[in-house]
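Welcome! Open your viewer, get your selection tool ready, and let's take a short walk together.

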Amino acid sequence: FIIKMVEMSMDELEKALTEYCRSASSAPDPAKIASEDQFAKGIGGTKEDHVAEKIFSDLVRDRKPAQPDPTAECYQSTLFEQWLYGGSLVARKTSGGKRAPKPTEYSKGRWIRAMNGQGTCYLYIHTSTYQMQGTRPDDYVVQDDQVAVEDPYESFPSVHLDNLMSTIDTLWADGKAPLLLCDGDAGLADVRSRLVGWPGRPGFIFDVRPLVLGVVKTKVKFADQVEAGRVLAVRAMKAGGTLAVDLADVGTPDWRGKVCGVEDYKRSLPAWLFDPAAHREVDRHGQLFRKEDKADVDGADWDQALARSLPRFRLAYLTASGPGTYARDLDTALLPQGKWSAVRVRFGTASVDIRLAELVDAVQASLHRHALVPVVLDPSDAADTFLCMKRAQVADLERLTERRRVEGDDTVKEVLREKLVAALKHGCTLVLRLGDAKVDLDQWSWDEAFPVHSLFSYRLEADGEEEEGGAPGKTRGVSAVEALAARLFRAEDMEAGCCVVRPGFALVVTSRSNAAEARERLAGLPLHACKLVAVQP
């Protein structure tokens, strides 16, 4: 017999379209696909792209390349429908077992708007063609209840993609395996790629889909995937790399009930494997290593070699979910250990628009919630004046540029060192004033006087009790430069022969650039370690 799926109501469809937008991090430019209106309105790319993708898929599976067949089902469904009926846990919950109406004429629908998964921009999707785009359509009608919204998870602990490993190391040292929230499939792909290619510490991706979806959907036996996980763990340990447990968008298996606690599997993926404290010494790791894994390494026994590489080994969970959905999507109670901490992965340059009255709160949030250096953008100089009037040391690079031409590097280097040391000693803010200058900070960096990269390197430290769900409670940002005081202080800077660094040191950068030109004019700053704070008139 044939089971007919119930069709969604319009409210249910719009909810599903909104969830689809939230799972995306970008959308195609409609100007690039306008010439292929009939195909691209639903698919969101060119027909040639989709044909090429399928042919490549066949090639990597050693099959005869498929010939384009415009009547095939895969070419008749939109990306939204493919997402809705795919293996995504979010999609399954959203659909509720119902099907979406077939795409129909453009004139029968309307545009709706939703925030993307990163909370960085609006996406627009059409209710009858399922076309999605990132630019506002000419015929979009603003709804009464649609107003500008702020990211509700702006204060959630986060890390930039470029600083991923330092955060993994910090959490691991604290006895926590990081749960990296990638905010969509595109973000997840970026994190996978970055971990696999991390210099000197390669990542090994362990796909858990066969453990969640089963052999029928994945064509991989449960036992075979458990063994694949063991092999990847051994390789990661021997390489001093990262085992990335990829939960993707399917959720997590019942580790204790179906893997770690099962007699046939507990010697391959034991529960202690997921505990950071279990990897401080080569102790019980022999049960993971099979005979073929115990070959000598550069003349040393396998366990001696492992003792050298194991201190660099890390384990992290990856998920396409975001901070608002991960607890629901993953059922975190099923994770093999309770020793994990959720962190949102950021991409691009973080930014926020504020009014002058909100400046202090915005600076504090950037430093102590996100461990990012605030770069205050204000063409009027009002914010710059306000910050400099407070207890602060001001390093005016715009003026120092001219002084450097006249007096040379040594004079300017000592001025900057004195400003930095004074800010460290008194626990106050160092304001790096750029004015209208386009500055390449690498040209202003001296390890023994003004170590720029350490100045911009912040980490979060817990400053309160942990919140439910593995997320830190109150935190504070600590600059790596504080640990370098001994090489920055001179005899005249010391107190009773000691380098004294008082709490409260912070770095703030100011510029007269506006938000539109900031990324180009401030390209000489390590923007991945910064948050742009644009003061609105």
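Two strands count as paired if DSSP finds at least two bridges between them. Keep in mind that this is a predicted model.

**First stop: an open sheet.** Select strands E1, E2 and E3, which form an open sheet in the order E1-E2-E3 with antiparallel pairing. Strand E1 (111-115) and strand E3 (132-133) are at the edges with a single partner strand each, so one side of each has no neighbour in the sheet. Now look at E1 and strand E2 (residues 122-126): five bridges join these antiparallel strands.

**Second stop: a covered strand.** Move to strand E7 (residues 242-246), where five of five residues are buried. Which residues lie on each side of E7? Thr-242, Ala-244 and Asp-246 are on one side, Leu-243 and Val-245 on the other, and all are buried. Show its partners too: strand E6 (residues 203-207) pairs with E7 in the parallel sense over five bridges, with Ile-205 opposite Ala-244. Strand E8 (residues 314-319) also runs parallel to E7, joined by five bridges, and Leu-318 in E8 is the bridge partner of Asp-246.

**Last stop: two helices.** Select H18 (residues 397-407) and H19 (residues 409-426), whose axes come within 7 Å and cross at roughly 145°. Among the residues that meet here are Leu-400 and Arg-404 in H18 and Val-412 and Leu-416 in H19. By class, this contact has five nonpolar, one polar and four charged residues.

Definitions and conventions: Residues numbered from 1 in each chain as written. Predicted model: local features only at pLDDT ≥ 70, side-chain atom pairs only at ≥ 80, totals over all residues. Heavy atoms only, no water. Axes fitted to C-alpha atoms, helices over the stretch in contact; angles between N-to-C directions. Helix = DSSP H or I, 4+ residues; strand = E, 2+ residues; numbered from the N terminus. Contact = heavy atoms within 4.5 Å. Nonpolar A, V, L, I, M, F, W, Y, C, P; charged D, E, K, R; others polar. Buried < 20%, exposed > 50% of the residue type's maximum accessible area, 1.4 Å probe, protein only.
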